[in-house]
Each structure stands twice: as C-alpha cells, then as structure tokens.
2 protein chains.
Amino acid sequence: MLLANQPLRVDECNCNAMRRASRQITRFYDAHLEPTGLRITQFLTLAVLDEVGSAAINALAERLDIERTAMGKMAGFLERDGLIKIRPSPTDGRSRLIELTEKGRRLHAEAAPLWREAQRQFEQLNGAKNVTELRRGLRKMVVGSLATSSSED
Amino acid sequence: MLLANQPLRVDECNCNAMRRASRQITRFYDAHLEPTGLRITQFLTLAVLDEVGSAAINALAERLDIERTAMGKMAGFLERDGLIKIRPSPTDGRSRLIELTEKGRRLHAEAAPLWREAQRQFEQLNGAKNVTELRRGLRKMVVGSLATSSSED
DNA sequence: GACTGATAAGAGCATATACCCATATATTTA
DNA sequence: TAAATATATGGGTATATGCTCTTATCAGTC
C-alpha cells in the first residue's frame, strides 16, 4: 500500500517511452527526407499511392492507420503542392479518389532512396536484429477496443 | 539490383511502425485520462512538477524529451487552465519557473490512479514481459546525431 | 567595464493528430 | 417505394510537435 504514496515513475510510463521514441525516429527520418521537403507521413502517403495507383481517403487512412480526417487534411496539403490529384469516384458519389500527379511521382522517386538510406542507417545504428525485434514488438502491441473506437465513425 | 525497382514496402518502414504504435498507445492512455480532461503529455508534465516541485521550461522539456518550444506552448495551456503558475526565476532573469497550483495538484492526484490503471491494463493486454522488453527496446533505440540536433539551440 | 558568445524563452509558421458535428450518398429494411 | 441505417468526407476546434528567427539575459574573456 506504500505504492500509492510513491511518486509516479515517469520513466516507467509506457506511453511516454513510446512517444519519445516516436518523436526521435520521426526527426531522424524527416531529416533524411528534408532535401525533398517531405515529411515521413507525406512520403508514406505518396508511397502507398505509388503502390496502389489510386485510393480513397479512408482506404489511405486505413492503410497507414491514420485518423481519416487527418488524412483528408494532409491530402489537401499534397494537392495544394501539386503532388496528388483528387477526383470524385466514378462508382461512389460520396468518395474521392486520390492519385499521384507526375510531379508527385517524381518527388516520390527522388525521396525513395533517401528513405532507404534512413532505413539502412537506422539498422546500422541499432543492429538489424534489434530493429526487427522492435518492429515486431510494435506490430504485435495490443491496445484493445478502448483506443480503437476512433477508427470507426 | 532488382530491389531498386520494387515498390517500397511501407510495412517495413520502421518510422511508420513506430508512429502508428505511438498513435495507438496515445489514444489508449488519453482515453483513460479522459475523465480529468488531461492528455498524456499534460499529465506527465504535471507528474514531473509534482516530483521535482518547480522547474524551468527547458528542464521540463529535457526531462520529457520534448522540444522546448513545444513545452513552452503547452505550459501556456496549463497555466491558462489554472494548473500551473509561472514566475520569473529569482536567480536567472531569462528563466521562468513552473510549479503546480493547488488545482493542478488535485487534478494530478485524480489522474494518477487513472494513469496507473492504463499502465496496468496495457500490461495485462500485452503481458508484463512483452511490455518490459518493448520499453527496453524503445529506450535503447539510437538515432545518432542527425535527429538530436534539434534539442540543442 | 566592454565585448563576445552562450543561453532561456517565445512568436511565427507549418504539419500531425484526434474528436465532434454536419452534409451528402449509398445500402438495407419494412 | 419510402424510411431507416450506414458510410464517405470535411469543417471546426484543440493539442502536439518542430523549425526558424528574435529578444533579452547571463557568463566568460580581455
């Protein structure tokens, strides 16, 4: 019962450890992508579009596990910068399809090797084994239904 | 060399895995803290202040590894809500000391068991062993000097 | 004491994220 | 077929984060 009176161990906060690491690695990858002016999230969006050709906002959001309204806003920035074009879906009047412009394709092609270098360096710094384990640990992390409700409208 | 022409494996992006997990766990902890109206970052700031009593913006930022200007802004919100008070440092005219108000102390005390519950549930969902390993993996992650330059003005 | 370099903090600008509420379209049900 | 329900998207609001540039104060050196 003495535990109740002890100060919180901020260092033991799982969420803090995660957010902290996330900020660090984001800065790392963003710095690598900096010559293209892209942030990692933007780059990944371009990458998904490059892979699937064309996708609706929600599909993109699901693929990258980003909140859909956030994805919609980011799509706006990418369109503003001429990297994507957005058009209504021919089969669903509610839906909008996003695809890369030629400019977006080129920028993606320019950014891809930079991303690969970031991946390579990250592995070099941490060891391939550690990175694989870390990614596996992240992937299998479970948060239950409490925090996933936001993914469903 | 065929690798150069293959689509990016978004699923293999370390940064994406990390950000994704960070978003998930943030939602999880935020949901637990929701009755207090605090977000996890705000709560952790209150917790550090509860622990050390009084701290300058930069010290807080360092402790939580948050960019100092971001910390300054968040301190503004906490002050606006009456949870902290900010006063000039008696020993350094450039510095401002932050400490909890009585209201902040109470809210922290209310939020602490919610945070503990989030910790407990997270461990229950993932297994204590997995959580410890995950936290260790996050803590020992290295990003080199490229992405840490932002911590130095 | 004057000057130089370092440091504390913040305003500005921009992206990222999440939730709430609303509108419009599609699907299902009665 | 009409009504009810589900779904796609976005505006609004708010916090989080990071970089750049700026101002003011402190510390060290001469």
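1. The contact between the chains. In this predicted model, 62 residues of chain A are in contact with 62 residues of chain B. The area buried between the two chains is about 6,000 Å². Carbon and sulfur atoms give 60% of that area.

2. Polar links across the interface. Between chain A and chain B, 26 residue pairs are in polar contact, with both residues at pLDDT 80 or more. Five helices of chain A each supply at least two residues of the side that touches chain B: α1 (14-33), α2 (40-52), α3 (57-64), α5 (102-126) and α6 (128-139). The largest share comes from α1(A), with 18 residues. Sorted by class, this side of chain A has 32 nonpolar, 16 polar and 14 charged residues.

3. Salt bridges between the chains. The count between chain A and chain B is two. One of them joins Asp65(A) to Arg20(B). Their closest N and O atoms are 3.3 Å apart. Side chains of opposite charge can pair when their charged atoms come close.

4. Salt bridges overall. Over all chains, the whole structure holds 18 salt bridges. The next points take up some of these.

5. Glu133(A) forms a salt bridge with Lys129(A). The closest N and O atoms are 3.3 Å apart. Glu133(A) counts as partly exposed because its relative accessibility is 36%. Lys129(A), at 60%, counts as exposed.

6. A pair of neighbours in chain B. The side chains of Arg80(B) and Asp81(B) meet in a salt bridge, at 3.0 Å from N to O. Is Arg80(B) buried or exposed? Its relative accessibility is 60%, so Arg80(B) counts as exposed. Asp81(B) has 32% and counts as partly exposed.

7. A pair in helix α5 of chain B. Which residue forms a salt bridge with Glu102(B)? The partner is Arg105(B), with the closest N and O atoms 3.6 Å apart. The two residues are three apart in α5 (residues 102-126) of chain B, so about one helical turn lies between them. Glu102(B) is partly exposed, at 47% relative accessibility. Arg105(B) is partly exposed as well, with a relative accessible area of 38%.

8. A network in chain A. Salt bridges can also link several residues here: Lys85(A), Arg87(A) and Glu99(A) are joined in a network.

Key: Residues are numbered from 1 along each chain as its sequence is written. Chains are lettered from A and ligands numbered from 1 in the order in which they are written. This is a predicted model: local features need pLDDT of at least 70, side-chain atom pairs count only at pLDDT 80 or more; totals for chains, interfaces and linings use all residues. Side-chain values use heavy atoms; hydrogens and water are left out. Contact means heavy atoms within 4.5 Å. Buried area is the accessible area (1.4 Å probe) that two parts lose on being put together, summed over both. A salt bridge is a side-chain nitrogen of Lys or Arg within 4 Å of a carboxyl oxygen of Asp or Glu. A polar contact is a pair of N or O atoms within 3.5 Å; within protein, one must be able to donate a hydrogen and the other to accept it, and residues adjacent in sequence count only if both atoms are side-chain atoms. Helices (H or I, at least four residues) and strands (E, at least two) are DSSP runs, numbered from the N terminus. Ala, Val, Leu, Ile, Met, Phe, Trp, Tyr, Cys and Pro count as nonpolar, Asp, Glu, Lys and Arg as charged, and the others, Gly among them, as polar. Buried means under 20% relative accessible area, exposed over 50%, partly exposed in between (1.4 Å probe, protein chains only).
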